[in-house]
Amino acid sequence: MIMLRILRRNTKTANRDRSNIKVGIPKFLNIWSTHQFWVGFFEKLGVKVIFSSDTSEEQYRQYGKGRITMDSCFPVKALAGHIGELLTKEVDIIFVPMIYSLPSFLKGHVLDTLSCTRVMMAPENIKAGFTKERDEFLSKGIKYVSPFITFGEPELLPKQLYESLKSVIDVSYQEVVDAVLYGLKSLEEFDAYARSKSLEIIRWCVKENRPAILVLARPYHMDPGIGHEIDAEFQTYGYPVLWYNYLPLENWLLDWLFGQDVKAGIIKSYLDISDVWTSSYSSNTNEIIWAAKFASRFPWITGVIRLSSYECGMDQPTYTPVQKIVESRGTLFFKFGELDETKPAGSIKIRVETIAYYLEKYSTDIIQRKLKKLPPVPKELL
């Protein structure tokens, strides 16, 4: 649970009527892992939120072409299309947070939960493409708000958000405090719900003795225009698909998978990754490493799919370690690397078909071999 260390309020304030204010938020990068916070935060303030559409080649060509001022991976460049699209909508504010650190279930077990620096700076870099010749925001009467955000230090969120919003929305500091608390609660509830659905899938796999696939990627690969819906391709073959950032965290399950290592002193806790990854600063990287350990042990996850976009400097050092972790107990590992703005539909379908063949052929043996390395299956899974 995210803990927010904020002084108790001494006064009670009523929200002002802001139903006529519309905030546009681009559906990009770290918004994919924090969206419910922003939905809850602005809902509490009484402000209507409008998200941009999913990333697509058409969106980028129509709204983002010519707006790039630096070289970067496509997921960062795609932000130009999202901002350009929001400029065509009836919004008063375009809100694009620079997220320095992320909320993470591994907080306290790793060195830090930082975001990729290019991702963090993307809102300012892409903004420059809309102001270099003329200020497109000013010409349309839209305020561009890009606060520096530290989810890793949630006690700072009220100040960060109040300072960025007070000049564009008539809001008090206490209202922002209340909205932050509500947003964090919304995010926690959504994460808990998503993890409960993953646990349902896992239990179904155990009951039916059916294999599942785990996706290791960045949260923004859930965007159809970034991840190319590769996860959906596997579902057409009948394989349940789990995402690394929503794996269940029940103690009885983690004790079954990692308890032996804790007792042996290999790791300090179920969420410790220091045995395989000591440079644990990047939030998404940390979670990918931990999920690789989860997948290597859990018998009914027989295949792992790694997704990565072109020129991702954060992913490059992790390819070999993640593969070694996944394969250490016989789990199959497959990688779709250098995904870019041109959707390689034909090659993806061929590769998915090949991977599905290997899963069908070897999953039964993988499940049995992994079960032999674990204590008896906990009753909660049966």
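The lining of the largest cavity divides into 7 nonpolar, 2 polar and 2 charged residues. In this count Ala, Val, Leu, Ile, Met, Phe, Trp, Tyr, Cys and Pro are nonpolar, Asp, Glu, Lys and Arg are charged, and the others, Gly among them, are polar. The residues concerned are K27, F28, L29, W32, T55, P75, A78, H82, Y220, D223 and I226. A cavity here is a set of points, on a 1 Å grid over the protein atoms alone, where a 1.4 Å probe fits but cannot get out, and lining residues have an atom within 4 Å of a point.

The model is predicted: local features need pLDDT of at least 70, side-chain atom pairs count only at pLDDT 80 or more, and totals for chains, interfaces and linings use all residues. Residues are numbered from 1 along each chain as its sequence is written, and side-chain values use heavy atoms, with hydrogens and water left out.

The structure has 2 cavities of 30 Å³ or more. Around the second largest cavity stand F28, L29, N30, I31, P97, M98, I99 and V119. This lining divides into 7 nonpolar residues, 1 polar and no charged.

Two residues other than glycine have a positive phi. For N209, phi is near 50°. N209 sits in the loop between α8 (173-208) and β7 (212-216); helices (H or I, at least four residues) and strands (E, at least two) are DSSP runs, numbered from the N terminus. N209 counts as partly exposed because its relative accessibility is 39%, where buried means under 20% relative accessible area, exposed over 50%, and partly exposed in between (1.4 Å probe, protein chains only).

For H228, phi is near 55°. H228 lies in the loop between α9 (224-227) and α10 (230-235). With a relative accessible area of 3%, H228 is buried.

Y362 belongs to helix α14 (residues 345-371) and is partly exposed, at 32% relative accessible area.

Terms used
On a 1 Å grid over the protein atoms alone, a cavity is a set of points where a 1.4 Å probe fits but cannot get out, and a pocket is an open set with protein on both sides within 12 Å along at least five of seven lines; lining residues have an atom within 4 Å of a point. Grid points are joined across faces, edges and corners, and a volume is the space filled by probe spheres set on the points.
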